[in-house]
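Please open the model in your viewer and keep the selection tool at hand.

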Amino acid sequence: MPVRDAVAGDIEEICALIEEHAVYEDKHDLKLDRQEMAGFLFGPDPKAWVLLATPPERPDEVAGFAFCSWNFSTWEARPGIWLDDLFVRPDHRRFGLGRELLDELSARTPGRVEWDMQEGNEKGEAFYAQLGADPVPGWIRYRWRPHAG
């Protein structure tokens, strides 16, 4: 199967994927602290988790990832998954790996899988529409950083 759970030994690859995604989105200054990220993902109290996608013919190569955390909907009264980041390296696109990652997420929760997408991402919109995902009308995302400033 081309999707697997990341393990502590994958931290370099996970951080590289996040940084590559940032560059792909034209943010060239993101550099992650590998040790800090390892603590958040694989420490005694993990805050998130990662699925890795590998090409079927090269299981030791990482082609993409889904970076996730659990959430809970009070209105649905069930847990769901927040997909913070989904990225497949450009050389590995069009082989169904993004779909494999999302299918695996869906299989892990009785609730919903949700994510944000930057406005104007027409390729992303087309991909998500092909999956049957819909934008959520009437909601505005807020961000609060109480310790900033």
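In this tour, a residue is called buried when its relative accessible area is under 20%, exposed when that area is over 50%, and partly exposed in between, with a 1.4 Å probe and protein chains only. The model is a predicted one, in which local features need pLDDT of at least 70 and side-chain atom pairs count only at pLDDT 80 or more, while totals for chains, interfaces and linings use all residues. Residues are numbered from 1 along each chain as its sequence is written, and side-chain values use heavy atoms, with hydrogens and water left out.

Select Ala77, which lies in the loop between strand 3 (64-73) and strand 4; helices (H or I, at least four residues) and strands (E, at least two) are DSSP runs, numbered from the N terminus. Ala77 is exposed, because its relative accessible area is 56%, and its phi is positive, about 55 degrees, although the residue is not a glycine.

**Helix 1 against helix 2**

Now display helix 1 and helix 2 together: their axes come within 10 Å and cross at roughly 105 degrees, where axes are lines fitted to C-alpha atoms, for helices over the stretch in contact, and angles run from 0 to 180 degrees between N-to-C directions. Helix 1 is therefore roughly perpendicular to helix 2, given that angles under 35 degrees count as roughly parallel, over 145 as roughly antiparallel, 65 to 115 as roughly perpendicular and the rest as oblique.

To see the contact itself (heavy atoms within 4.5 Å), select Ile11, Glu12, Ile14, Cys15, Ala16, Ile18 and Glu19 on helix 1, with Arg34, Met37, Ala38, Leu41 and Phe42 on helix 2. Sorted by class, this contact holds 9 nonpolar, no polar and 3 charged residues; Ala, Val, Leu, Ile, Met, Phe, Trp, Tyr, Cys and Pro count as nonpolar, Asp, Glu, Lys and Arg as charged, and the others, Gly among them, as polar.

Select Asp10, found in the loop between strand 1 (3-5) and helix 1 (11-24). Is Asp10 buried or exposed? Asp10 is buried, since its relative accessible area is 9%. Its side chain is joined to that of Arg4 by a polar contact of 2.8 Å, a term for a pair of N or O atoms within 3.5 Å, of which, within protein, one must be able to donate a hydrogen and the other to accept it, and residues adjacent in sequence count only if both atoms are side-chain atoms. Leaving aside neighbours within four places in sequence, Asp10 is in contact with Arg4, Asp5 and Leu52.

Move to Arg89, in the loop between strand 4 (78-88) and helix 3 (97-107). Arg89 counts as buried because its relative accessibility is 13%. Which backbone oxygen does the side chain of Arg89 reach? The side chain of Arg89 reaches that of Val62, at 2.7 Å. When residues up to four places away in sequence are not counted, Arg89 touches Glu13, Ala16, Leu17, Glu20, Val62 and Ala63.

**Helix 3 and its partner**

Select helix 3 with helix 4 (residues 122-131), which pack at an angle of about 55 degrees with their axes 11 Å apart. Helix 3 is therefore oblique to helix 4. The contact is made by Gly98, Arg99 and Leu102 of helix 3 and by Phe127, Tyr128, Gln130 and Leu131 of helix 4, and its classes are 4 nonpolar, 2 polar and 1 charged residues.

Staying on helix 3, pick Glu104, which is buried, with a relative accessible area of 18%, and whose side chain is joined to that of Arg108 by a polar contact of 2.8 Å.

**Last stop: Pro46**

Finish at Pro46, in the loop between helix 2 and strand 2 (49-53). Pro46 counts as partly exposed, at 44% relative accessibility. Neighbours within four places in sequence aside, Pro46 is in contact with Phe40 and Leu41.
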